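Here is a short briefing on one protein model. Look through the sequence and the 3D view before reading on.

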Amino acid sequence: MRNSIDIINDILRLRGVISDEDINEFLSDKPKKTYDPFLLHDMKAGVDLLLSEIEKGNRICIYGDYDADGVTSVSIMLKGLSYLTDNLFYYIPSRFEEGYGLNSDAIDAIKERGANLIITVDCGCVSYKEVEHAKEIGLKVIVTDHHTINDVIADCIVINPKHPKSQYPYRQLAGCGVAFKLLQALQRTAGLPKSMLNEVLDLVAIGTVGDIVELRDENRTLVKYGLNLLNTRRSDAIKCLAEATSIGEIESENIAFGIVPRINAAGRIHHAADAVELFIAKNPADISAGVANLVEYNERRKKLQEDAYEKCKKMISGDETFIMLNVEGIHEGIAGIVAGKIKEYYNRSAVIVTKTGDGFLKGTGRSIDTIDLYDLLSKSADLFEKFGGHKGACGFLIKEENFEQLKSNTLFNVDKLIAENSAIFDKVLNFDMVLSPDDVNVDLVMALKKLEPFGEGNPAPVFCIKDAVIKQTSFMGDKQNHARFVIYANGEYADGVLFGKAQDYHDLLFNNSSVNVIGSLMHQVWRGRHQVKFRVEEIELCR
């Protein structure tokens, strides 16, 4: 049995956290890795313009995106700026009628509502034409964003850690992180109480986890302090939302799988403004009603998602090298989630397109790690009306008559990738470290908690017990798709459990073969007694 602290330090070194100083910072309950907001390009100009507009009594509109990062970013800015002015309103475009980012019709509507200044959050850095339109009708614009700039940058104040001129030490902030840095700069310049910053760290944590940016460096600092706030001085809105979703202690995992889906459901099913209204509400009745709406939207989302997933599976043979489906009747708000589920199930990149009703198709795709979806689809850029995304996910708008050509082009280019790499669809069982059964104990489980919060860039550690034999298997559940057993290796044993896939491994669970088991540690407390099990995700026959 190895020392749990040695195991933790080895995991960190494997992940590039090498020096004692960096290890101590990573494990600290009160990390200090944060940077001067004025290192962000255009930050001083943005603060000066914003304070000038507030001093003049001019009206300000916060313009955001309809996902969890956008919703929290809008809420953060509204709460922070309320310390300086009440001449504020916000605008989030409809996913269905307007789509992502700035659009000229929205800008006209904002002007009609009396705005003098638009502050974007989580969008806007490449909205050159839209910003020009805003300026033409007399609006000033400050863009805060975090997306990669691969296009013509907007000609206005642009605060983005990925700005070509940015000297900011850390580039991976979420949109809500950039909004928070603007508030930091405002707080310092205007001499506002630091409590204004502490009050929004909970939303920073939720938005950062929700946007699946890496939980390293400054993001880790922001999320750690935000989680502390979520669990010690929980706002009424978060308290009510957590209770409605049976969440006790809030961790990054139940933010990702409990809170964020309900925020996103508002924008997918109805309108993201419903989520913003919840986070800025003060009246208990409004909070209760807001939470009920988000829960109900999420239930509708799950049902639509389940129906759409089953509909898509009937269209798939299983022999595809790339899955591209034109599906009637799928709710646009859940197409991306369904594409992700198909990608996971078939281990193939997947694109789903739905009709917009005006001769166009809107597409959304998710990709396996070995295929760069953005690069692949960009080879057909001339077919798109709109196109954007990154390696793992893309979205586009295309004329209906161009769809078959897009499909043909894509399959041709995937065949070329296969010719270059015949193992492109092979699943690789990755793990952090080999453990012995004796290592599966309470000491290690408690030490692993120091590595939290887990998420992108800092996943929960995955371990392998090699050359093991599985014994004493018993199935659980109505469909017998869960199992518990004992893992034997080198004269030692550990309790094991397998959820959801027990029948997939039926033979290996019973034939006393030598296997490698890959999984994580699961900790339960029952009547004061600690139980640690090895939660198996994959089993492979030893070769």
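The points below cover a pocket, the cysteines and one serine.

This is a predicted model. Its second largest pocket has a volume of about 580 Å³. The structure holds zero disulfides. Serine 349 is buried.

**The second largest pocket**
- In this pocket, 22 residues form the lining.
- Lys79, Ser82, Phe279, Ile280 and Lys282 are the closest of them to the pocket's centre.
- Four elements each supply at least two lining residues: helix H4 (68–81), strand S2 (88–91), helix H11 (236–244) and helix H13 (273–280).
- Strand S2 gives the most, with three residues.
- Sorted by class, the lining has eleven nonpolar, seven charged and four polar residues.

**Cysteines**
- Cysteine 312 has 0% relative accessibility, so it counts as buried.

**Serine 349**
- Where is serine 349 placed? It sits in the loop between helix H15 (335–346) and strand S7 (350–355).
- Its relative accessible area is 0%, so serine 349 is buried.
- Its side chain makes a polar contact with the side chain of serine 367, at 2.8 Å.
- Leaving aside residues up to four places away in sequence, serine 349 touches Phe322, Ile323, Lys343, Arg366, Ser367, Ile368 and Ile371.

Conventions: Residues are numbered from 1 along each chain as its sequence is written. This is a predicted model: local features need pLDDT of at least 70, side-chain atom pairs count only at pLDDT 80 or more; totals for chains, interfaces and linings use all residues. Side-chain values use heavy atoms; hydrogens and water are left out. On a 1 Å grid over the protein atoms alone, a cavity is a set of points where a 1.4 Å probe fits but cannot get out, and a pocket is an open set with protein on both sides within 12 Å along at least five of seven lines; lining residues have an atom within 4 Å of a point. Grid points are joined across faces, edges and corners, and a volume is the space filled by probe spheres set on the points. Ala, Val, Leu, Ile, Met, Phe, Trp, Tyr, Cys and Pro count as nonpolar, Asp, Glu, Lys and Arg as charged, and the others, Gly among them, as polar. A disulfide is a pair of cysteine sulfur atoms within 2.5 Å. Buried means under 20% relative accessible area, exposed over 50%, partly exposed in between (1.4 Å probe, protein chains only). A polar contact is a pair of N or O atoms within 3.5 Å; within protein, one must be able to donate a hydrogen and the other to accept it, and residues adjacent in sequence count only if both atoms are side-chain atoms. Contact means heavy atoms within 4.5 Å.
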